[in-house]
Amino acid sequence: MNMQRFSELSGLSPHTLRYYEKIGLLKHIQRNSSGHRVYSSKDLTWVEFIVRLKETAMPLADILQYARLREQGSTSLAARQALLEAHQQQLKQHIEQQRTHLQALQHKIHLYQQQKVT
């Protein structure tokens with residue numbers, strides 16, 4: 001698929017896609033006879049995972065590390081798993097912190113609602 005279609009499907013701008021290619025997150029992107037990028041469904045699956053990692057606040061440096069490990073193939077499975085497990089722990093802590101914040105807000109809103117009634 002061309003860059004425009006890939007951009008639409010991935011939700012990333014062409015600028016971001018070019019940047020990801022430049023820094024090494026997207027590698028081995030094929031080009032057609034005119035020199036335009038041609039993306040595959042495999043590229044889309046990879047970008048969707050990158051987006052998921054970004055949306056869960058994984059630092060770009062860690063995503064790049066994961067990408068480098070991924071390039072190494074099956075010899076890096078344990079290292080990739082460890083990286084994802086560390087991120088999972090951070091994500092769980094973040095979710096718990098957000099849950100605490102939500103409870104505090106709900107409590108405050110409840111106080112305001114009670115003041116309106118009385």
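1. Contact here means that heavy atoms lie within 4.5 Å of each other. In this predicted model, Asp 62, Gln 65, Tyr 66, Leu 69 and Arg 70 of helix H4 are in contact with Ala 79, Arg 80, Leu 83 and Leu 84 of helix H5. Sorted by class, the residues that form this contact of H4 with H5 are five nonpolar, one polar and three charged.

2. The geometry of this pair can be read alongside its contacts. Two packed helices are described by the angle between their axes and the distance between the axes. For H4, which covers residues 60–71, and H5, which covers residues 77–117, the axes come within 9 Å and cross at roughly 160°. Angles over 145 degrees count as roughly antiparallel, and H4 and H5 are therefore roughly antiparallel to each other. Their crossing is left-handed.

3. A second pair, H1 and H3, packs at an angle of about 40°, with the two axes 10 Å apart, and that angle makes H1 oblique to H3. The crossing of H1 and H3 is right-handed. On the H1 side the contact is made by Phe 6, Leu 9 and Ser 10, and on the H3 side by Asp 43, Leu 44, Val 47 and Val 51. By class, the residues of the contact of H1 with H3 are five nonpolar, one polar and one charged.

4. Which residues touch the most other members of the largest nonpolar core? In this core of 22 residues, they are Leu 17, Leu 25, Leu 26 and Tyr 39. The elements that each give two or more residues to the core are helix H1 (3–10), helix H2 (14–23), helix H3 (41–55) and H4, and the largest share, six residues, comes from H3.

5. Leu 25, one of the core residues named above, deserves a separate look. When its neighbours within four places in sequence are left aside, Leu 25 is in contact with Tyr 20, Trp 46, Ile 50, Leu 60, Ile 63, Leu 64 and Ala 67.

6. Residues up to four places away in sequence not being counted, Ile 23 touches Leu 60 and Leu 64. Ile 23 and Leu 64 are 41 residues apart in sequence, and their C-alpha atoms are 8.2 Å apart in space.

Note on methods:
Residues are numbered from 1 along each chain as its sequence is written. This is a predicted model: local features need pLDDT of at least 70, side-chain atom pairs count only at pLDDT 80 or more; totals for chains, interfaces and linings use all residues. Side-chain values use heavy atoms; hydrogens and water are left out. Axes are lines fitted to C-alpha atoms, for helices over the stretch in contact, and angles run from 0 to 180 degrees between N-to-C directions. Helices (H or I, at least four residues) and strands (E, at least two) are DSSP runs, numbered from the N terminus. Angles under 35 degrees count as roughly parallel, over 145 as roughly antiparallel, 65 to 115 as roughly perpendicular and the rest as oblique. A crossing is left-handed if the near helix is turned anticlockwise from the far one by less than a right angle, and right-handed if clockwise. Ala, Val, Leu, Ile, Met, Phe, Trp, Tyr, Cys and Pro count as nonpolar, Asp, Glu, Lys and Arg as charged, and the others, Gly among them, as polar. A nonpolar core is a set of buried Ala, Val, Leu, Ile, Met, Phe, Trp, Tyr and Cys residues joined through side-chain atoms within 4.5 Å. Buried means under 20% relative accessible area, exposed over 50%, partly exposed in between (1.4 Å probe, protein chains only).
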